[in-house]
Amino acid sequence: MSKLNAEIISSAVDKIIAFAAGEEVTHDGKLKQGKKRKFVESIDLQIALKNYDPQRDKRFSGTFKLPEVPRPNMKVCVIGNAVHCEEAERIGVDKMSVDDLKKFNKNKKIIKKFAKKYDAFLSSDNLIKQIPRLLGPGLTKAGKFPTLIESGADLTEKIEGVKATIKFQMKKVMCLNVAVANVGMSKDAICTNITLSANFLASLLKKNWQNIKVLYIKSTMGPPTQIFF
């Protein structure tokens, strides 16, 4: 059962959209002048947890596919066989073959740089098992182990699916920050993405909503607005 108030989310999203459009908004009782940026700002869900011990309690991790892509400019790379590399080139997506990965020569620094360059990776089904052997634990450590591309799958569809998928992963801190929407989306789509993301996070927690202390939403350059108290 969701504990979110739809009116509070709606009002917070109105403020975010207005601020990103360069309008003046009231924040914490003060007027704040917005500014229109030259890029599409993402909208992050910021979470503080409570009654949770990251050292003792089981760390959670979960992925959820949102109805609308929160980060359309997300950088992805296809680690592909000949067919998938050819398709990636055709649709203008970066690609790497097994021979390209072999050139890294298992150099940790180069692999770390490669992992950092992209937000996500996809890999052909017949290559995915070779990745740990070629790259070591580099991509796994970065939380970016590739998504599988089945033979015959539509690559564009697969990439859109990866871009629409968010990941909540508990590490050693009690705060999380995940991009769940962007200011270029419609208000309804933003509200839906925020609500679904928060509800999914609550479902991952031991005591559901009782483990969530506060929730904020924030655009890249805007002030944070609380949506759960």
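Student: What should I know about the model and its numbering?

Tutor: The model is predicted, so local features need pLDDT of at least 70 and side-chain atom pairs count only at pLDDT 80 or more, while totals for chains, interfaces and linings use all residues. Residues are numbered from 1 along each chain as its sequence is written, and side-chain values use heavy atoms, with hydrogens and water left out.

Student: How many helices and strands are in the chain?

Tutor: Eight helices and 12 strands. Both are DSSP runs numbered from the N terminus: helices are H or I, at least four residues, and strands are E, at least two. The C-alpha trace spans about 60 × 45 × 35 Å along its principal axes.

Student: How do I read a helix pair?

Tutor: Two packed helices are described by the angle between their axes and the distance between the axes. Axes are lines fitted to C-alpha atoms, for helices over the stretch in contact, and angles run from 0 to 180 degrees between N-to-C directions. Here the axes of α1 (residues 6-20) and α8 (residues 187-204) come within 10 Å and cross at roughly 125 degrees. That makes α1 oblique to α8. Angles under 35 degrees count as roughly parallel, over 145 as roughly antiparallel, 65 to 115 as roughly perpendicular and the rest as oblique.

Student: Which residues make the contact?

Tutor: Contact means heavy atoms within 4.5 Å. From α1 come Ile9, Ser10, Val13, Asp14 and Ile17; from α8, Lys187, Ile190, Cys191, Ile194 and Thr195.

Student: Which residues of α2 are buried?

Tutor: Buried means under 20% relative accessible area, exposed over 50%, partly exposed in between (1.4 Å probe, protein chains only). In α2 (residues 82-90), His84, Cys85, Glu87 and Ala88 are buried. Seen down the axis of α2, these residues fall within an arc of 165 degrees, so they line one face of the helix. The arc is that of the directions from the helix axis to the C-beta atoms. On the other side of α2, Ala82, Val83, Glu86, Glu89 and Arg90 are exposed.

Student: What covers the buried residues of α2?

Tutor: The cover includes β5 (76-79), β6 (94-96), β7 (120-124), β8 (147-149) and α7 (155-163). Just after α2, Gly92 takes a positive phi of about 75 degrees.

Student: How does Asp94 count by accessibility?

Tutor: Asp94 lies in strand β6. At 33% relative accessibility, Asp94 counts as partly exposed. Not counting residues up to four places away in sequence, Asp94 touches Lys75, Val76, Cys77, Val78 and Tyr118.
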